Amino acid sequence: MSLPNKGAFRRRYRVAGMGVLIFAGLLFIPAARAEAPGEEATRHWVIERLRASLASPLELDVIASMLFGLTNARDVAEQPDSRRVLGELSTRVRSLDPETLGCDEVVNLHVIAGFLVMAGMKPEAAGLSGRVQGCLDELNTFDKASALFALCHFGDPVPRERLVRAMDSIEASQLPDGSFGTGYGLPHFYTTTHGLF
């Protein structure tokens, strides 16, 4: 085979290969489209719940529990309606003084601020880490687990010795079946999921 024929053969091979890729893509597009409306509906539901939660007084526990899905994927956080509600939330967070909040509220505020940073927002809620560290001994297992997550995942590193007693108390609440805390139903479920996390 001469050199020009080799080039023509390669072009035909590439065109045929691209045709196969386009065909395969067309097969998968309906599946992706079927999934997208559900995800969009969930995103809109979260946005509406967040808007309702932004009414005074702020429901920090509700807001903290819903933000991950809206902030962990940049394309979701970049949607115009997502940006608007996250911007409103960021403004409200900046207006809060951690020193005036209870320990459970300051933990939720730290989680919210961390999720907002993940979405590219700058909530600038000052003094959260120190305030959360000061609350560790006063928190229930659920809030203590959330506090450890926020301290370890968002913001400046915390010295390990500041966290050991809190970790030990969470581990001490673990039951023989592997769950955490006491009771039944959703509170027990959420305490367990946060304890494991």
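Phenylalanine 189 is partly exposed in this predicted model, with a relative accessible area of 46%. That value falls between the 20% below which a residue counts as buried and the 50% above which it counts as exposed, hence the intermediate label for phenylalanine 189. The residue sits in helix 9, which spans residues 185–196. Together with Leu186 and Tyr190, Phe189 makes a nonpolar surface patch of about 330 Å².

Attention now turns to the aromatic side chains. Four aromatic pairs are found in the structure. In one of them, the ring centres of phenylalanine 115 and phenylalanine 154 lie 5.5 Å apart, and because their planes meet at 75°, the pair is classed as edge-to-face. This pair links distant parts of the chain, its two members being 39 residues apart. Phenylalanine 115 belongs to helix 5 (residues 103–118), while phenylalanine 154 is placed in the loop between helix 7 (141–153) and helix 8 (160–172). Phenylalanine 115 and phenylalanine 154 are both buried. They also take part in one aromatic cluster, which is formed by Phe68, Phe115, Phe149 and Phe154.

Helix 5 also holds histidine 110. With a relative accessibility of 6%, histidine 110 counts as buried, because the limit for that label is 20%. What does histidine 110 contact once its neighbours within four places in sequence are left aside? The partners are Leu128, Ser129, Val132, Ala150, Leu151 and Phe154. One of these, Phe154, is thus a contact of histidine 110 as well as a member of the edge-to-face pair with phenylalanine 115.

Key
Residues numbered from 1 in each chain as written. Predicted model: local features only at pLDDT ≥ 70, side-chain atom pairs only at ≥ 80, totals over all residues. Heavy atoms only, no water. Patch = residues over 30% accessible without salt bridge, like charges linked within 9 Å, V, L, I, M, F, W, Y side chains within 5 Å. Areas by Shrake-Rupley, 256 points an atom, 1.4 Å probe, with all protein chains shown as cover. Salt bridge = Lys/Arg side-chain N within 4 Å of Asp/Glu carboxyl O. Helix = DSSP H or I, 4+ residues; strand = E, 2+ residues; numbered from the N terminus. Buried < 20%, exposed > 50% of the residue type's maximum accessible area, 1.4 Å probe, protein only. Phe/Tyr/Trp six-rings, centres within 6.5 Å; stacked < 30°, edge-to-face > 60°. Contact = heavy atoms within 4.5 Å.
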